[in-house]
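Let us go through this structure by asking and answering a few careful questions, one after another.

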Protein chains: 2
Amino acid sequence: MQTVPRPVERLIEELNRLPGIGPKTASRLTFYLLRSPRDQVQALAEAVGELQEKIVTCSECFNIAEASPCAICGDAHRDRSLICVVEEPLDVLAIERTREYHGLYHVLHGAISPMEGVGPEDLRIAELVQRLRHHPVEEVILATNPNLEGESTAMFIFRQLAPLGARVSRLAHGLPMGGDVEYADEVTLTRALEGRTKM
Amino acid sequence: MQTVPRPVERLIEELNRLPGIGPKTASRLTFYLLRSPRDQVQALAEAVGELQEKIVTCSECFNIAEASPCAICGDAHRDRSLICVVEEPLDVLAIERTREYHGLYHVLHGAISPMEGVGPEDLRIAELVQRLRHHPVEEVILATNPNLEGESTAMFIFRQLAPLGARVSRLAHGLPMGGDVEYADEVTLTRALEGRTKM
């Protein structure tokens with residue numbers, strides 16, 4: 001017999017489709033929302049509903065934005081001689097939070113991963129090459145993730161960009177700040193040794 | 001400067017208000033939804049939006065339902081001589097899943113908790129007493145949680161129901177099935193000893 005009202009069951013199902021949210025969390029959230037103030041629940045519904053409607057992809061850097069070109073590409077104060085290539089929009093946020101980078105970005109929307117069937121043609125790599133051809137820059141910083149997919153993607157892009165003559169750099173690898181040599185994994189420690197800098 | 005589009009920021013904020021969802025999970029979910037098929041995202045928005053609109057509280061048992069009386073209260077095959085008192089609608093689901101209980105329910109919507117400022121008058125206790133006065137039953141099973149709040153609530157209700165003459169019982173406490181005596185906490189083990197049954 002049906003003991004869960006259909007609207008409750010439906011929201012549990014929809015939440016359960018999200019990554020990291022299992023059936024238990026989905027029902028806890030649903031019952032929490034049932035008891036929440038109506039305007040909070042409606043605000044959530046609207047925020048979800050409007051998310052994709054009001055978001056566009058910047059035609060220059062392919063970051064998500066409210067308008068194209070995005071706020072960064074359209075900002076006259078940014079250094080146009082630098083492009084930082086990242087996998088995801090979240091990476092742009094992380095780098096912006098450092099307040100140390102003032103160049104432009106290029107968002108690939110993923111990394112090359114044969115395991116997940118993602119090839120170079122699924123990423124915005126051709127668009128990057130095209131962009132650099134029309135607007136040459138001094139340096140391209142490859143800031144893909146320090147893992148197998150990110151490394152392969154960086155290597156692939158490096159080869160694509162070689163003929164264009166721009167300087168191509170890669171984010172440094174090494175010990176994370178606040179970390180502990182004792183607990184560092186071998187790969188990180190090897191990279192930290194290789195990349196050691198003169199004091 | 002504003003690097004997160006406002007609709008993205010807004011959804012992150014709204015998700016972050018949910019219990020157990022911190023800022024990191026909220027942004028991960030938001031960026032996941034950004035990349036999801038439009039109809040899945042709209043289905044989620046609708047499910048959230050319609051949740052409270054289409055849910056009512058059953059006027060008899062106070063469980064959440066699509067109509068009042070609810071499917072259980074309106075079911076002629078349920079045993080009307082039994083009422084099981086639970087804290088939350090989710091408890092009804094848990095008991096229904098056993099397929100062993102065929103009586104009615106009464107949902108308190110909480111437990112007495114002086115710490116959280118929840119008194120007996122905030123729960124559906126007066127309504128339970130009223131209900132039993134109009135429709136006397138043979139047995140009331142108190143299925144509040146086996147913790148301080150649940151125990152106090154059960155004790156409080158027990159005293160309220162005493163003058164009405166119905167048999168009042170409490171769910172058994174003891175070792176959980178699949179558990180291990182070695183790892184049982186002392187309170188559970190004490191309850192298991194006290195409640196030992198003849199083989």
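Q: In which loop of chain A is H109(A) found?
A: The structure shown here is a predicted model, and the answer is read from it. In this model, the phi of H109(A) is near 65 degrees, which is a positive value in a residue other than glycine. Most residues other than glycine have a negative phi. As for its place in the chain, H109(A) is found in the loop between strand 4 (103-107) and helix 5 (125-134) of chain A.

Q: Does H109(B) count as buried, partly exposed or exposed?
A: H109(B) is found in the loop between strand 4 and helix 5 of chain B, and its phi is near 65 degrees. Buried would require under 20% relative accessible area, and exposed would require over 50%. Because the relative accessible area of H109(B) is 29%, this residue is partly exposed.

Q: What kind of axis relates the two copies, chain A and chain B?
A: Chain A can be laid on chain B with an RMSD of 0.1 Å by a turn of 180 degrees, and the shift along the axis is 0.0 Å. The two copies are therefore related as by a two-fold rotation axis.

Q: In chain A, which residue has the C-alpha nearest the axis?
A: The axis in question is that of the turn of 180 degrees by which chain A can be laid on chain B. In chain A, the C-alpha nearest to this axis lies 2.3 Å from it, and the residue is A45(A).

Q: Which strands stand at the edges of the open sheet of chain B?
A: The open sheet has four strands, in the order 4-3-5-6, with parallel pairing. Within it, strand 3 (residues 79-86) and strand 5 (residues 139-142) of chain B pair over four bridges. An edge strand has a single partner strand, so one side of it is left without a neighbour in the sheet, and in chain B this holds for strand 4 (103-107) and strand 6 (167-170).

Q: Which strands of chain B does helix 5 touch?
A: Helix 4 (residues 89-98) of chain B lies across strand 3 and strand 4, running at about 160 degrees to strand 4. Helix 5 (residues 125-134) of chain B packs on the sheet as well, with a direction that makes about 150 degrees with that of strand 4, and the strands touched by helix 5 are strand 3, strand 4 and strand 5 of chain B.

Q: Which residues of chain A are joined by a cis peptide bond?
A: Most peptide bonds are trans. P69(A) has its place in the loop between strand 2 (64-65) and strand 3 (79-86) of chain A. With omega at about 0 degrees, the cis peptide bond joins S68(A) and P69(A).

Methods
Residues numbered from 1 in each chain as written. Chains lettered and ligands numbered in written order. Predicted model: local features only at pLDDT ≥ 70, side-chain atom pairs only at ≥ 80, totals over all residues. Heavy atoms only, no water. Least-squares fit on C-alpha atoms with pLDDT ≥ 70 in both. Pairing = 2+ DSSP bridges. Helix = DSSP H or I, 4+ residues; strand = E, 2+ residues; numbered from the N terminus. Contact = heavy atoms within 4.5 Å. Axes fitted to C-alpha atoms, helices over the stretch in contact; angles between N-to-C directions. Buried < 20%, exposed > 50% of the residue type's maximum accessible area, 1.4 Å probe, protein only.
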